[in-house]
Amino acid sequence: MKPISRRSFLAGLTAGAMAAAIGPANTTEASVRTEKVATLIDLERCNGCVDREVPACVSACRDVNAGLFPKPDKSKIKDYWPQKTHEDWSNKTHLIDRLTPYNWIFVQKVTVSANGHDKDIYIPRRCMHCDNPPCSKLCPFGTNKRSPEGVVYIDPTFCFGGAKCRTVCPWSVPQRQAGVGIYTYLDPLPVGGGVMYKCNLCLNRIREGKVPACIDSCPQKAMAFGSREAIIQEAKRRAAQYNGHIYGLTEHGGTGTLYVSSVDFKKIDHAIVSQSSETKKAMRMHNPENKLNETSWLVKTALIAPVAGAVAAFAATISKKEEKDGR
Amino acid sequence: MDDRILRHPLRVRVNHWLIALSGIMLIFSGFGEMPMYKRYNVVKIPGLAWSEDFHIMLYIHYIAAIVFMAAVFFHIVYHLRRREFSLLPKRGDLKEGIHIIKAILTGGPEPQHDKYLAEQRIAYAAFGVTILGLIATGLIKVYKNLSGVYINPDILFWVTNLHTLLTMVFVFLLFAHLAAFLIKANRPLFPSMFTGTVRSDYALSRHGKWIQDMKVKTQ
């Protein structure tokens, strides 16, 4: 890869220049604040940090975001009446092999058959930061937000922890912690369930001109950050180089997290499903439809409905022969 | 005078019921957009297992909203064009409303009413403001669901919660509207929303101002 000035990378000049710039993280330069950002995860480079106890990206994420992790009031952790369950991860903060309110990125390992022999693939998994995110757009409290940079994040202040965002997310990314958040003030009313937590792409760091901690920390330089256009160009360049494939370009209507691999993602997804002990909960690499996009025709109809009603009324009253009433 | 008097023409009745039925569907699907039905076991009610599906609820909400908004704007333009303003509040309605409620509760004589009671005119204004607020916030919420549309998340936060708050007001007003029929004197008005007519003796005895007004207009 040709070296290029970091200013070009961050200021987002030409797509080609930016694509080439994707590489070492810059932590001091002015950030790309006004344009959409994206990340690229190169599965050809990620080795899962097998030589470390905790993958570097996971470790960095936990360190940087430790202050944002839930601090529940144990006395408020109760079953979600009338259900007999609740979600409490506060005793499982050590888990690093899945997403939890205390672990916003994990590395998924699958073995695929490629070129006649088995190949281990390590996949850093976190929020996909979708272009049209149902979790954010369908949040009933407006607390699951999307920044102008395209980062999907949850404002914990008014989150009730209803977990709808997790239900509508094809990857079930947001995770719930009970005993924390605004619903605890309504105790003992049986409403709410906690607060939802997930990757916020280190939005504060981005706005400070830094890159997300997971990307900054990767010893393999397997992750890259930049403007969406630059990342897409770079993903295509690498896919061509590997004679490989891109995940996230069109999946779910496009996502802000792109993956590139020499192995077809259908094959990877098949491996994820077949090798998962909990198939239903496996974080897949499938091609889910974005159901928000399916209803765009209804949205457009709704937007013109008031006009249609007004026009119909105008037509109904244009005739001089009026309906008799008892006014 | 005929035995029955036309109170609500067919178009008005159809419009009213379109608003009412779509409004009820909006409440049902709106609450269904909250993560409630699974938690509170609505999904276990026979025939309602599908109610946990947020996307089905979204479809219902959109379709009901289309009918609701079209009917509301039909109502506004239709009556504006016909210059029919008998449901709009008048000066002194609040005072008269209190007087009427006192009379109903104590069994005392009610004053003669216009086509609508003072309470109905006040309730109409409350419904109107609430509904217009729901439509305005709802349209923003709908618009933001289009791919590629970006609205400031802080604005969306307020819009979303205002929509929810107005829904609560709407539900309260709906119950108040229905509770009016607990009062015996109001009951003849209920079938008139289906048949369109009320008995002339009822109209004469309770809505004297309305009858007088009609006589003046037909002279």
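Of the 327 residues of chain A, 55% count as buried (under 20% relative accessible area; exposed is over 50%, partly exposed in between; 1.4 Å probe, protein chains only). This is a predicted model, in which local features need pLDDT of at least 70, side-chain atom pairs count only at pLDDT 80 or more, and totals for chains, interfaces and linings use all residues. Residues are numbered from 1 along each chain as its sequence is written, chains are lettered from A and ligands numbered from 1 in the order in which they are written, and side-chain values use heavy atoms, with hydrogens and water left out.

Q: How many helices and strands are there in chain A?

A: Helices (H or I, at least four residues) and strands (E, at least two) are DSSP runs, numbered from the N terminus. Chain A has 11 helices and 10 strands.

Q: Which residues touch the most other members of the largest nonpolar core?

A: In soluble globular proteins, nonpolar side chains tend to be buried together. A nonpolar core is a set of buried Ala, Val, Leu, Ile, Met, Phe, Trp, Tyr and Cys residues joined through side-chain atoms within 4.5 Å. Here the largest has 60 residues; Leu43(A), Ile121(A), Ile123(A), Trp171(A), Tyr259(A), Ile268(A) and Met285(A) touch the most other members. Strand E2 (residues 106-114) of chain A gives the most to this core, with 5 residues. Another core, of 33 residues, lies apart from it and includes Ile27(B) and Leu146(B).

Q: Where is Gly193(A), and is Gly193(A) buried or exposed?

A: Gly193(A) sits in the loop between strand E6 (175-177) and strand E7 (195-197) of chain A. Its relative accessible area is 0%, so Gly193(A) is buried. Contact means heavy atoms within 4.5 Å. Leaving aside neighbours within four places in sequence, the contacts of Gly193(A) include Tyr80(A), Phe160(A) and, from chain B, Arg39(B).

Q: Is Arg205(A) buried or exposed?

A: Arg205(A) belongs to helix H6 (residues 203-207) of chain A. Arg205(A) is buried because its relative accessible area is 15%. Beyond four places in sequence, its contacts include Val64(A) and Asp216(A).

Q: Where does H11(A) bend?

A: The bend at a residue is the angle between axes fitted to the seven residues ending there and the seven starting there. H11(A) bends by about 45 degrees at Ile304(A), and Pro306(A) follows within four residues.

Q: What covers the buried residues of H11(A)?

A: Those buried residues include Leu298(A), Val299(A) and Ala302(A). Their cover includes helix H1 (10-33), helix H2 (54-81) and helix H4 (118-143) of chain B.
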